[in-house]
Amino acid sequence: MARRTDGGWPDGPRSQPLRRRRRRRRLLPGVALGAMSLGVAGCLVMLPAVSDACQSVPDASDVSATHAASAIARGSDVLIVGDSYTTGRGSYDGRHGWAQDLVADRDWDATVDGVPGTGYVNTGVTNSARWNYLSRIERSASLDPELVIVQGSQNDWLVSAETLERRVERTLRTAKRQWPGAVIVAVGPSAPQPRATSTAGISSAVEAGAKAAGVPFVDALAGQWFTKMNSASYAAVDGQHLNDAGYRYLAARIDEALVGLATPAEHEQCV
């Protein structure tokens, strides 16, 4: 079996069922929620503030700023699909990644579907297509999200760029068709350095697939979120994942990108 950058399932596939979280506070213990919220808020203070000035935003494709603002609003129904970064591998308990931090800060009613080792193509240790992103999105058809975030995946390194691009497009088109009223957002690979540099080809393929599907793409590499200067502070012991501070930072950067998507375009906002 080929090497996986995520390391696969922590306790076997049955330990990661797809579950509906009816309210955000059921995702995390109350004490953790407060800490996570403060952590993300703290990171946001250190990042460029979103103001009335023109903003650098992800390619919005066919998503209007008004639609995006409604989708990311507090209390929105959200689905997050991803790999071990979404499950929080590398955090203090291996269960609190950027997704849990952002859900807590935004007070979203969220379903967090993270499966280590998986991606648009990669199936993790299961070696079953049931666990790639497309299959999991299709199995979530009964949900009614206002926002769908698809994260990663740095695990899709064994396939050609063309194959990955086609699968990304198909996956995101399926999400758009399944939830025509939702805002779909793709977040590219977001590993610390030096791992980040090796994901450039994956990121480009995911970006191309997202563009073909008409889905906004959040580019952590182009944004230089993880650099030689900050990666040592944000990387987990394995160097492949993030620690608690790294996940809080990643949550803040993704939040910033979502706010940018909900900000009117320059030609609409600047005179």
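Hi everyone. Let's start with a pair of helices: H4 passes H10 in a right-handed crossing. Before going on, please keep in mind that this is a predicted model.

Two packed helices are described by the angle between their axes and the distance between the axes. Here, H4 covers residues 98-106 and H10 covers residues 244-261; their packing angle is about 55°, and the axes lie 8 Å apart. H4 and H10 are therefore oblique to each other. Who makes the contact? On the H4 side we have Trp98, Asp101, Leu102, Asp105 and Arg106, and on the H10 side there are Tyr247, Arg248, Leu250, Ala251, Ile254, Asp255, Leu258 and Val259. Sorted by class, that contact holds 8 nonpolar and 5 charged residues, with no polar ones.

Now, a word on confidence. The average pLDDT of the chain is 80, and 75% of the residues score at least 70. Residues 1-56 fall below 50, and that stretch has 114 contacts in the model beyond near neighbours in sequence. Residues 267-271 are also below 50, with 7 such contacts.

Next, the backbone. Most residues other than glycine have a negative phi, and most peptide bonds are trans. So which bonds are cis here? One joins glycine 152 and serine 153, with omega at about 0°. Serine 153 sits in the loop that runs between strand E3 (147-151) and helix H6 (161-178). Another cis bond goes from glutamine 193 to proline 194, where omega is near 5°. You'll find proline 194 in the loop between strand E4 (183-187) and H7.

There are positive phi values to show you as well. Asparagine 127 is not a glycine, yet its phi is about 55°. This asparagine 127 belongs to the loop between strand E2 (109-114) and helix H5 (133-139), and its 62% relative accessibility makes it exposed. Glutamine 224 also has a positive phi, near 55°. Its loop lies between strand E5 (217-218) and helix H9 (231-234). Is glutamine 224 buried or exposed? At 57% relative accessibility, it counts as exposed.

Serine 203 is in helix H8 (residues 200-213). With 3% relative accessibility, serine 203 counts as buried, and leaving out residues up to four places away in sequence, it touches Pro189, Phe217, Asp219 and Leu221. Serine 198, in helix H7 (residues 195-198), has a relative accessible area of 44% and is partly exposed. Between serine 198 and glutamine 154 there are 8.9 Å in space, C-alpha to C-alpha, although they are 44 residues apart in sequence.

Terms used
Residues are numbered from 1 along each chain as its sequence is written. This is a predicted model: local features need pLDDT of at least 70, side-chain atom pairs count only at pLDDT 80 or more; totals for chains, interfaces and linings use all residues. Side-chain values use heavy atoms; hydrogens and water are left out. Axes are lines fitted to C-alpha atoms, for helices over the stretch in contact, and angles run from 0 to 180 degrees between N-to-C directions. Helices (H or I, at least four residues) and strands (E, at least two) are DSSP runs, numbered from the N terminus. Angles under 35 degrees count as roughly parallel, over 145 as roughly antiparallel, 65 to 115 as roughly perpendicular and the rest as oblique. A crossing is left-handed if the near helix is turned anticlockwise from the far one by less than a right angle, and right-handed if clockwise. Contact means heavy atoms within 4.5 Å. Ala, Val, Leu, Ile, Met, Phe, Trp, Tyr, Cys and Pro count as nonpolar, Asp, Glu, Lys and Arg as charged, and the others, Gly among them, as polar. pLDDT is the predictor's confidence in each residue, from 0 to 100. Buried means under 20% relative accessible area, exposed over 50%, partly exposed in between (1.4 Å probe, protein chains only).
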